[in-house]
Amino acid sequence: MSLENYEAKLTTGYYRVRKAWEDDDSQIGQYRLLASAVKKADENPGYFVFTPAGISIYPDDEETMDTDDETVTVSEGAEEISLDEPDPAQDEPESMEEAEDKDVTAAEDEAVKTDSGASEEGATEEADAKTEAVEDVYPNDGNTEPILYGKATTLVNIRNGNSLDANRVTVIRKGVLVEILESCDNGWFRIKCDASDCGYGYIAGEYLKVGSSIYTVQPSDSLWKIAEKVLGSGQKYTEIKKLNGLTSNVIKVGMVLLIP
C-alpha cells in the first residue's frame, strides 16, 4: 500500500522503527512525522516503519527496494545535489518536538553546492553543457543489456561521463538498484538511466554494492532457502545478507536482493 494512504503527521501515537513489531528492544526511533520514520528506516537496512497499530508500511513495494522501475533503471528525476561521497551523519533530535519539526530534506539541502555569485548567463551555459550527447565525449562499448546489478550505498550523483568533472544528470538515493551496462577501466560503471537523453549515465563504483544478478523474495522464502536456490548452498546466506547490508535475517515478499 502506498505511503500516501497514511497520515503525514500523527496527532496521537507514533510511527515506530523496528526490526519486527514484536521485538520492542529493536526499536530505534518513534516519530509523529511519517517522513522522519521513513528516513530512519532508510538509514538502517533491515528496519521497518510500523503504524501505532503494528502494521508494517515501509519498506514494502517501495522505491528503494521493490518497484520494478527503480529496481533496474533510474527513472525518477531528483533535486540536483553535488554529492559524490556519503553525506555526514546527522545528529538525532534531542526531543520528540525536535523530531517532529525536523526537515528530512535538510541533509540534502546542505549538500547542494550553490554558487551565490553565479550569473544567469553562467547558469544557461551550464544547462547547455548538460545537453551535450554523452557518446560524443565518453566513448563506450555500446552494450545495452545488463552485465551486473548494483545498489547505491549513499545519496549519489549520476553523471554523463566516468569522471567527477562530467556533468550531473540526476541523483539516486541510497538503496536504489541499477542495471550496469559496462565496467569502465577507472572503477566507474555505465548504468541504465532514464533521466539521461541517451538512456544511460555513469556512477563511481565506490558508491555501489555490486552483484551478478538480482532475486525477488517469494512467499515462504528465507535467506537460507534463497542461498540454496541461487548459490547452491544455504550456508552462503551470509554472503547475500552482507552484500545487501541486512542487519537481520528478516526479509519480506517483494524485496529485491543482490546476489553475489
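Modeller: Start with the buried residues of H1: Leu34, Ser36, Ala37, Val38, Lys39, Lys40 and Ala41. Buried means under 20% relative accessible area, exposed over 50%, partly exposed in between (1.4 Å probe, protein chains only). This is a predicted model: local features need pLDDT of at least 70, side-chain atom pairs count only at pLDDT 80 or more, and totals for chains, interfaces and linings use all residues. Residues are numbered from 1 along each chain as its sequence is written, and side-chain values use heavy atoms, leaving out hydrogens and water.

Biologist: Why is H1 largely enclosed by the rest of the structure?
Modeller: Because seven of its 10 residues are buried. Helices (H or I, at least four residues) and strands (E, at least two) are DSSP runs, numbered from the N terminus.

Biologist: What does H1 pack on?
Modeller: First, the sheet itself. Four strands form an open sheet, ordered E2-E1-E3-E4, with antiparallel pairing. Strands pair if DSSP finds at least two bridges between them. H1 (residues 34–43) packs on that sheet and touches E1, E2, E3 (48–50) and E4. Contact means heavy atoms within 4.5 Å.

Biologist: Which strands are at the edges?
Modeller: E2 (29–31) and E4 (56–58), each pairing on one side only.

Biologist: How many bridges join E1 and E2?
Modeller: Three, in the antiparallel sense. Tyr15 has Tyr31 in E2 as its bridge partner.

Biologist: New topic. How many residues of E7 are buried?
Modeller: Four of the five, so to speak: E7 (residues 168–172) is mostly covered.

Biologist: Which residue in E7 is opposite Ile158?
Modeller: Thr170. E6 (residues 156–159) and E7 pair antiparallel over four bridges.

Terms used
Axes are lines fitted to C-alpha atoms, for helices over the stretch in contact, and angles run from 0 to 180 degrees between N-to-C directions.
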